[in-house]
Amino acid sequence: MPLSNSTSAPAAEVLLPEGLRSESLPRHVALVMDGNSRWAAARGLPPTDGHEHGMRALMRTVRLCRAWGIRVVTAFGFSLENWNRPKARTYNTLSFLDRARPPCIHAEVDFLMALIERFINDNLAEFMREGTRLRIIGDRSRLPISVQKTARDAEEATRNNSRLDLVLAISYSGRMDIVQACRKLAQKVDAKLLRPEDIDESMFADELQTSCAADESSSSCPDLLIRTSGELRLSNFLLWQSAYSELFFTDTLWPDFGEAQYLQALTAFQSRDRRFGARKHNAAL
Ligand SMILES: CC(C)=CCC/C(C)=C/CC/C(C)=C/COP(=O)(O)OP(=O)(O)O
């Protein structure tokens with residue numbers, strides 16, 4: 001079975017759109033893919049259709065990351081809080097009858113779980129061919145068993161791929177990630193493997209789930225965090241990791257996010273002056 005022999009894709013030529021400078025591109029981009037339901041509602045469709053189109057937008061963005069030489073993309077696919085969405089939502093099916101759709105009851109959470117599984121299965125061959133390593137972060141114990149297995153198998157199959165790290169945050173909460181990192185360090189202290197005074201930021205970051213995407217050439221901290229749909233908040237995504245991320249908010253709803261919007265975000269990023277709290281040497285006081 002060819003998928004099990006994971007190989008890294010040969011270095012691909014990076015063709016950047018005019019105006020982007022390769023030396024100051026973000027290495028790690030984080031995505032809050034918001035606005036799927038509003039996109040669907042504006043078209044008289046159920047939220048599930050918005051998520052379906054959102055999945056296509058995610059794959060478009062993954063391909064652009066590879067084409068432009070971005071090393072890591074972390075996408076918020078399902079938050080821990082999203083479990084509180086109604087498991088089954090009933091929609092007025094009458095509006096669908098004229099479009100020859102069968103009346104149905106959509107279970108949004110179940111649909112999203114199935115969509116995540118389909119996303120992985122449908123794109124695994126491309127991940128292998130194009131050197132994409134898949135990682136899942138979040139509380140995977142709450143995922144349906146079949147999603148857990150699909151995710152685990154895909155992580156295993158793609159683990160040696162090295163062109164792009166695609167990190168899907170599923171059943172993820174930034175606060176929970178911090179809490180679980182604290183627990184791990186506390187256990188080490190309890191077992192006398194560590195003294196509290198030895199704990200520093202780097203040790204802490206190593207215990208966060210995002211450390212899976214960090215290596216010598218890329219950081220688990222996104223350089224650029226993009227949120228679509230006009231909402232101006234982090235919504236419990238990458239709280240520790242976004243301390244010095246450049247934030248880019250756009251009114252575009254996620255399913256409409258494409259090359260033009262990504263280019264806009266990257267151009268804005270390249271115009272930012274990243275100081276990380278320090279003052280530039282010769283900056284005027
Ligand atoms: C990982 C993966 C395969 C994802 C593909 C589908 C996708 C983009 C899912 C994001 C899920 C989500 C809750 C989005 C927010 O839209 P919303 O329903 O909150 O929209 P609203 O803000 O308009 O209500």
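Predicted model: local features only at pLDDT ≥ 70, side-chain atom pairs only at ≥ 80, totals over all residues.
Residues are numbered from 1 along each chain as its sequence is written, and side-chain values use heavy atoms, without hydrogens or water. Local features need pLDDT of at least 70 and side-chain atom pairs pLDDT 80 or more, whereas totals for chains, interfaces and linings use all residues.

**View 1. Helix α8 covers residues 259-270.** Helices are DSSP runs of H or I with at least four residues, strands are runs of E with at least two, and both are numbered from the N terminus. At 1.5 Å a residue, the twelve residues of α8 should span 16 Å, and the end C-alpha atoms are 16 Å apart, which agrees. The expected span is 1.5 Å times one less than the number of residues. Q261, Y262, A265, L266, A268, F269 and Q270 are buried (under 20% relative accessible area, 1.4 Å probe, protein chains only). Their cover includes β1 (28-32), α2 (47-68), β7 (224-227) and β8 (246-249).

**View 2. The largest pocket holds about 610 Å³ of space.** Of its 27 lining residues, M33, N36, F76, G77 and N82 lie nearest the centre. Two or more lining residues come from each of α1 (36-41), α2, β2 (72-79), α4 (108-129) and β6 (164-172). A pocket is an open set of points on a 1 Å grid over the protein atoms alone, where a 1.4 Å probe fits, with protein on both sides within 12 Å along at least five of seven lines; lining residues have an atom within 4 Å of a point.

**View 3. The second largest pocket has a volume of about 220 Å³.** Its lining includes E201, D223, W240, R274 and F276.

How values were computed. Buried < 20%, exposed > 50% of the residue type's maximum accessible area, 1.4 Å probe, protein only. Contact = heavy atoms within 4.5 Å. Points joined across faces, edges and corners; volume = space filled by probe spheres on them.
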